[in-house]
Amino acid sequence: MNDVARAALNRLLVLAEGSWGRTPDVSSQITLRFTQASFPAYLTLGSHAGRHACHVYLQLAQQRGALTIEWDPRAGEGRQIQRIQLLG
């Protein structure tokens, strides 16, 4: 698995575990923004191949119903992730 995709999924898990028990519908609130402040590892992917590999693994998680991917509309569909959100 791509290291950045693994880090993103791990971050979602940590956020979910930290929020568990606080609100009735936690899953709808667990979001990871792919910004310099929130998740700089994604923005430091230098090559197209590295970014594509990350996208493939996150899209597999989306296909399995684990999360949704919001693409940056300025970059175009499938080009740059704006955020991912955990599904319940």
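Is Gly76 buried, partly exposed or exposed? I looked this one up to start: Gly76 is partly exposed, at a relative accessible area of 23%. My scale is under 20% for buried, over 50% for exposed and partly exposed in between, with a 1.4 Å probe and protein chains only as cover.

Notes on the model. I am working with a predicted model, where local features need pLDDT of at least 70, side-chain atom pairs count only at pLDDT 80 or more, and totals for chains, interfaces and linings use all residues. Residues are numbered from 1 along each chain as its sequence is written, and side-chain values use heavy atoms, with hydrogens and water left out.

Entry on the loop. I found Gly76 in the loop between S2 and S3; helices (H or I, at least four residues) and strands (E, at least two) are DSSP runs numbered from the N terminus. Setting aside neighbours within four places in sequence, I noted Gln80, Ile81 and Gln82 in contact with Asp72, contact being heavy atoms within 4.5 Å.

Entry on salt bridges. How many salt bridges does the whole structure hold? My search found two, taking a side-chain nitrogen of Lys or Arg within 4 Å of a carboxyl oxygen of Asp or Glu. Glu70 pairs with Arg83, with the closest N and O atoms 2.8 Å apart. That pair links distant parts of the chain, Glu70 being in strand S2 and Arg83 in strand S3, 13 residues apart. Glu70 is partly exposed at 30%, and Arg83 is partly exposed at 23%. Asp72 bridges to Arg74 at 3.1 Å, N to O; here Arg74 is exposed, at 73%.

Entry on helix H3. I checked the length of H3 (residues 48–63): its 16 residues should span 22 Å at 1.5 Å a residue, and the end C-alpha atoms are 22 Å apart, which agrees. The expected span is 1.5 Å times one less than the number of residues. Which residues of H3 are buried? I listed Gly50, Arg51, Cys54, His55, Leu58 and Ala61. Down the axis they fall within an arc of 130°, so they line one face of H3; the arc is taken from directions between the helix axis and the C-beta atoms. Their cover includes H1, helix H2 (40–43), strand S2 (67–71) and strand S3 (81–86). On the face turned away, I found His48, Ala49 and Gln63 exposed. Gly65 follows H3, with a positive phi near 80°.
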